[in-house]
Amino acid sequence: MKTFSIKYGLFLLLLLVPVAISAQKDVRKSVRKGNKAYQQQKFSDAATSYQEAIEKNAASKEANYNLANTLYKQKKWDESIAQMNHYLSIEQENPVNRSAAFHNIGNATLQKKDLQKSMEAYKMALRLNPEDNEARYNLAVVQKMIQDQQQNQDQQQDKDKQDQQQNQDQQQQPQPQDQQDKQKRPEEQNEPEQMSRDNARQMLQAIEQDEKETQEKVQRMKAEERKQQAEDNRRQNKNW
């Protein structure tokens with residue numbers, strides 16, 4: 001599978017119109033030193049050399065471009081993007097070089113997961129250099145990533161709407177009679193209170209039973225008294 005291509009090619013040192021011949025030689029020397037360290041993957045040393053060159057000549061296209069790529073290699077995405085934008089402010093003429101700069105900005109913004117900015121950078125690279133097939137490939141990949149991301153967001157939104165609608169439907173459904181009774185009579189919702197009512201009913205029934213038995217006992221006692229009185233009366237009449 002093809003991976004994202006990063007344009008790490010370093011500028012060849014071209015003879016520019018010098019501000020001062022000696023200063024230009026120092027700049028070229030620092031850039032060569034930075035290129036050597038870069039090729040050895042000593043990116044910290046390379047960055048130092050490129051910065052020295054920029055201090056001597058802030059308009060050095062080679063030093064600014066190569067420093068931006070070195071910062072990328074160090075995974076300093078924001079600094080790399082800022083440095084490459086600074087290079088673009090210097091390089092106003094060569095569309096191929098500007099395209100390469102936008103290409104690398106696209107790579108750095110992609111590392112930051114900023115898909116929209118990455119897509120725009122690749123588009124700019126292709127506008128400046130339609131022959132950049134690597135930028136075209138990267139653009140297609142990023143556009144597919146954005147499409148997939150949007151589809152996932154749409155699916156999540158649909159799921160959230162379905163869940164919300166389902167919750168509303170459940171709330172609107174008629175509740176069982178016993179549940180409605182509990183809502184109408186909150187005092188019956190607690191099980192301990194329901195048990196105390198049952199106990200009270202049982203106690204009332206027990207009291208009623210005791211009272212019934214007491215009445216029956218009283219009736220029996222009265223019947224015994226009447227019987228005894230009648231017996232006494234018979235005995236008294238017999239004595240007469």
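Is lysine 75 buried or exposed, and at what relative accessibility? At 61% relative accessibility, lysine 75 counts as exposed, where exposed denotes over 50% relative accessible area, buried under 20% and partly exposed the range in between, with a 1.4 Å probe and protein chains only. The structure is a predicted model, in which local features need pLDDT of at least 70 and side-chain atom pairs count only at pLDDT 80 or more, while totals for chains, interfaces and linings use all residues. Residues are numbered from 1 along each chain as its sequence is written, and side-chain values use heavy atoms, with hydrogens and water left out.

The secondary structure of the chain consists of 9 helices and 0 strands, helices being DSSP runs of H or I with at least four residues and strands runs of E with at least two, numbered from the N terminus. The order of elements from the N terminus is accordingly α-α-α-α-α-α-α-α-α. Of the 240 residues in the chain, 27% are buried. The accessible surface of the chain amounts to about 17200 Å², and carbon and sulfur atoms account for 48% of this area; the areas derive from the Shrake-Rupley method with a 1.4 Å probe, and for residues only the protein chains shown count as cover. With a contact defined as heavy atoms within 4.5 Å, 55% of the contacts between residues at least 6 apart in sequence join residues at least 24 apart.

Helix H3 (61-73) comprises 13 residues and spans 19 Å from its first C-alpha to its last, close to the 18 Å expected at 1.5 Å a residue; the expected span is 1.5 Å times one less than the number of residues. Because 11 of its 13 residues are buried, H3 is largely enclosed by the rest of the structure. At the start of H3, a side-chain oxygen of serine 60 comes to within 3.2 Å of the backbone nitrogen of alanine 63.

Glutamine 41 is exposed, with a relative accessible area of 60%.

Technical notes: A polar contact is a pair of N or O atoms within 3.5 Å; within protein, one must be able to donate a hydrogen and the other to accept it, and residues adjacent in sequence count only if both atoms are side-chain atoms.
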